[in-house]
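I opened a new structure today and kept notes as I went. Here is what I looked up.

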Amino acid sequence: MLALISFLALVVLISGVRIALHHARTGDHGVRLKNQFKSKSHRVALYLQLLAICLLVTTLTLNAFGIVKPHVDMGTIGALAGLCACATGTAVAMLAQYQMGNSWRIGVDDSEETELVDQGLFAVSRNPIYIGVLFVGIGFVVLVPHVTALVSWLIAAVGIHLQVTRVEEPHLHSTFGGAYSDYCERVNRYLPDFRSR
């Protein structure tokens, strides 16, 4: 039950709170999913992410009611480690969302122009929100160490990668041109490279 309650709380924090804050600040919810259906790669990225969420929610729900048992009993240490990973990932995602300011969106809209955010966490990773979300996913794999939780994380990782490379990066290259290309040269797509600093 702990994992399911944690999931619902983190959805509210990462998505609900951010949408509400963005709406309070700008009068707009920031959700741009209608363009997510304009090409096959856009749709595949979205469907994979939705599939991963559905599979994880199903696993957590069945686990909460004792229908699905974890393959490994990690005990209290596993529960604490999983919760720490979830909390860390949530903090990273929420901080990155905050640092995006009014440029924050879920999805893209080719008709909009926002500012290129390259400061804060975005100075060390071009996608810190997704890093945070994937870290949250690792936390749930630790909390409920079942093969379906791991599969959901792998599906999410593929869906996120497609979202980044087939949807968001082409949009950013088109919108910001050379400035975004320079940013890509300086900052890794996902994990920070502190050796160059």
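**Notebook: a loop, a strand and some rings**

I began with Phe-65, which sits in the loop between helix H2 (40–64) and helix H3 (75–100). I kept in mind that this is a predicted model. Is Phe-65 buried or exposed? Its relative accessibility is 59%, so I noted Phe-65 as exposed. I then found Phe-65 in a nonpolar surface patch of about 460 Å², together with Met-1, Ile-5 and Ile-67.

Next I turned to Arg-32, in strand S1 (residues 31–32). Arg-32 has 12% relative accessibility, so I put it down as buried. Which side chains make polar contacts with Arg-32? I found Asp-28 at 2.5 Å and Glu-112 at 2.9 Å. Leaving out residues up to four places away in sequence, I listed what Arg-32 touches: Arg-105, Ile-106, Gly-107, Val-108, Asp-109 and Glu-112.

Last, I looked at ring pairs. I counted three aromatic pairs. One of them, Phe-7 with Phe-140, is edge-to-face, with 5.8 Å centre to centre and 65° between the planes. This pair links distant parts of the chain: Phe-7 is in helix H1 (residues 2–26) and Phe-140 in helix H4 (residues 128–143), 133 residues apart. I noted Phe-7 as buried at 13% relative accessible area. Phe-140 is buried at 1% relative accessibility.

I also checked Tyr-180 and Tyr-183. Their ring centres are 6.0 Å apart and their planes stand at 55°, so I logged the pair as tilted. Both lie in helix H6 (residues 178–186), three residues apart, about one turn of the helix. Tyr-180 is buried at 3% relative accessible area, and Tyr-183 is buried at 2%.

Definitions and conventions. Residues numbered from 1 in each chain as written. Predicted model: local features only at pLDDT ≥ 70, side-chain atom pairs only at ≥ 80, totals over all residues. Heavy atoms only, no water. Patch = residues over 30% accessible without salt bridge, like charges linked within 9 Å, V, L, I, M, F, W, Y side chains within 5 Å. Areas by Shrake-Rupley, 256 points an atom, 1.4 Å probe, with all protein chains shown as cover. Salt bridge = Lys/Arg side-chain N within 4 Å of Asp/Glu carboxyl O. Helix = DSSP H or I, 4+ residues; strand = E, 2+ residues; numbered from the N terminus. Buried < 20%, exposed > 50% of the residue type's maximum accessible area, 1.4 Å probe, protein only. Polar contact = N/O pair within 3.5 Å; in protein donor to acceptor, adjacent residues only side chain to side chain. Contact = heavy atoms within 4.5 Å. Phe/Tyr/Trp six-rings, centres within 6.5 Å; stacked < 30°, edge-to-face > 60°.
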